[in-house]
Amino acid sequence: MKKMLFVYNPMAGKEQIKDKLSDIIQEFCKADFEVTVFATRGPEDATRLVVEKGMEYDYIACSGGDGTMNEMVTGLMQLSEAPVCGYIPAGTVNDFATTLKIPKIMKKAARLITTGEVFHCDIGQFNDRYFTYVAGFGAFTEVSYQTPQDLKNMLGKTAYFVEALKHVAEIKAHRMKIEYDGGVIEDEFLLGLISNSESVAGYKAYANRDIKMDDGLFEALFIRKLKNPIELQLVINALLTKKLDCDQIVSISSNHFHIVSDDDIRWTLDGEDGGALDEVDMINHKRALPIICDKRALRRISSQ
């Protein structure tokens, strides 16, 4: 029998796993998995467990929001060889799961772990931490961890935008030097997203581009300081149409980013607090994570 460690966050996404846990375990057992189950009790529990026990298992699966998935990946990246990874989404946004075409119905997501395809996905390193799909700073990126959990549970994706409206007047530009493969940019920026996915907080930023998740490259989007309402409207239009070609938006593909700012900047990693820093180094680890996905997603996300 194949050995599986199943880690779940009991508080994620309206606590919906409470009534689904038996169905999930049954799906694993029907596929001849010997399953060990662990419920997280606090921050970094999943990371600690994966580091301590991960090498004892053939598969490690988790259920929770993007933050739970981030904790599991952080643990897997510290192992000499990562077991096959499975994900059952239970949070409010789940950009990573959407891109991999992982079902939102938990029982179906569990079945996919036993029948799906192994995809070797890029993983981003952020100083000494990791992220699966996005590292961000500035306008609107702080919303995901400032939004109270009960509001996320009640409103879902809408909560991010409801909370964002409260912070529009507080948007601050940061002067920064951005070094990347083949170039350097120095300017003041309101927002930065360094992503390995076309979807960020439910918004498909790169829907018109051929984004691959195993090519060793980040897709980065930076918005410069806006001087007047006309520039704001240009940015809004560019984001709505997915044509990121206005002067206020910088769009870059690169394996590596080194960013230095004049002041501490609050970052988020996969929607969770990444800390306030004035210097960050990001590296794309190509094809580092073996994760189960729907084979229909491979044509879109794989460069192989």
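User: How far apart are the axes of helix H2 and H3, and at what angle do they pack?
Analyst: This is a predicted model, and in it H2 covers residues 45-53. Two packed helices are described by the angle between their axes and the distance between the axes. For H2 and H3 the angle is about 30 degrees and the axes are 7 Å apart.

User: Is H2 parallel or antiparallel to H3?
Analyst: Angles under 35 degrees count as roughly parallel. The pair packs at about 30 degrees, which makes H2 and H3 roughly parallel.

User: What handedness does the crossing of H2 and H3 have, and which residues of H3 make the contact?
Analyst: The H2–H3 crossing is right-handed. On the H2 side, the contact is made by Asp-45, Ala-46, Thr-47, Val-50 and Val-51. By class, the contact residues split into five nonpolar, three polar and two charged. The H3 side consists of Glu-71, Met-72, Thr-74, Gly-75 and Leu-76.

User: How many residues of helix H3 are buried?
Analyst: H3 runs over residues 66-76 and is largely enclosed by the rest of the structure. Its buried residues include Asp-66, Asn-70 and Glu-71, along with Met-69, Met-72 and Val-73.

User: Where is Gly-65, and is it buried or exposed?
Analyst: Gly-65 sits in the loop between strand S3 (59-64) and H3. Buried means under 20% relative accessible area. Gly-65 has 12%, so it is buried.

User: Which way do H1 and H5 run relative to each other, parallel or antiparallel?
Analyst: Helix H1 (residues 21-30) and helix H5 (residues 106-115) have axes that come within 9 Å. Those axes cross at roughly 20 degrees. That makes H1 and H5 roughly parallel.

User: Which residues of H1 touch H5, and how does the contact divide by class?
Analyst: The crossing of H1 and H5 is right-handed. H5 brings Met-106, Lys-107, Ala-110, Arg-111, Ile-113 and Thr-114 to the contact, while H1 brings Asp-23, Ile-24, Glu-27 and Phe-28. Sorted by class, that gives five nonpolar, one polar and four charged residues.

User: How many residues are in the largest nonpolar core, and which have the most contacts inside it?
Analyst: In soluble globular proteins, nonpolar side chains tend to be buried together. The largest core here has 62 residues. Those with the most contacts inside this core are Phe-28, Met-69, Phe-96, Leu-289 and Ile-291.

User: What does Ile-291 touch?
Analyst: Leave out residues up to four places away in sequence. The partners of Ile-291 are then Met-69, Cys-85, Tyr-87, Phe-96, Leu-100, Glu-117, Val-118, Phe-119 and Cys-121.

User: How many residues does the second, separate core have?
Analyst: Phe-189, Phe-222, Phe-257 and Met-282 are among the members of this second core. Its total is 21 residues.

User: How far is Glu-179 from Phe-257 in space?
Analyst: Glu-179 is in strand S8 (residues 174-180), and is partly exposed at a relative accessible area of 30%. Besides Phe-257, Glu-179 touches Val-184, His-256 and His-258, not counting residues up to four places away in sequence. Glu-179 and Phe-257 are 78 residues apart in sequence, yet their C-alpha atoms are separated by 5.7 Å.

User: Which strand holds Ala-276, and which residues does Ala-276 touch?
Analyst: Ala-276 lies in strand S15 (residues 272-293) and counts as partly exposed at 35% relative accessibility. The C-alpha of Arg-266, 10 residues away along the chain, is 4.2 Å from that of Ala-276. Not counting residues up to four places away in sequence, Ala-276 touches Asp-264, Ile-265 and Arg-266.

User: What is phi of Glu-44?
Analyst: Most residues other than glycine have a negative phi. Glu-44 is in the loop between strand S2 (33-39) and H2, and is exposed at 58% relative accessibility. Its phi is positive, near 70 degrees.

User: And what is the phi of Lys-101?
Analyst: Lys-101 belongs to the loop between helix H4 (95-99) and H5. With a relative accessible area of 41%, Lys-101 is partly exposed. Although not a glycine, Lys-101 has a positive phi of about 55 degrees.

Definitions and conventions
Residues numbered from 1 in each chain as written. Predicted model: local features only at pLDDT ≥ 70, side-chain atom pairs only at ≥ 80, totals over all residues. Heavy atoms only, no water. Axes fitted to C-alpha atoms, helices over the stretch in contact; angles between N-to-C directions. Helix = DSSP H or I, 4+ residues; strand = E, 2+ residues; numbered from the N terminus. Parallel < 35°, antiparallel > 145°, perpendicular 65-115°, else oblique. Left-handed = near helix turned anticlockwise from the far one by under 90°. Contact = heavy atoms within 4.5 Å. Nonpolar A, V, L, I, M, F, W, Y, C, P; charged D, E, K, R; others polar. Core = buried A, V, L, I, M, F, W, Y, C linked by side-chain atoms within 4.5 Å. Buried < 20%, exposed > 50% of the residue type's maximum accessible area, 1.4 Å probe, protein only.
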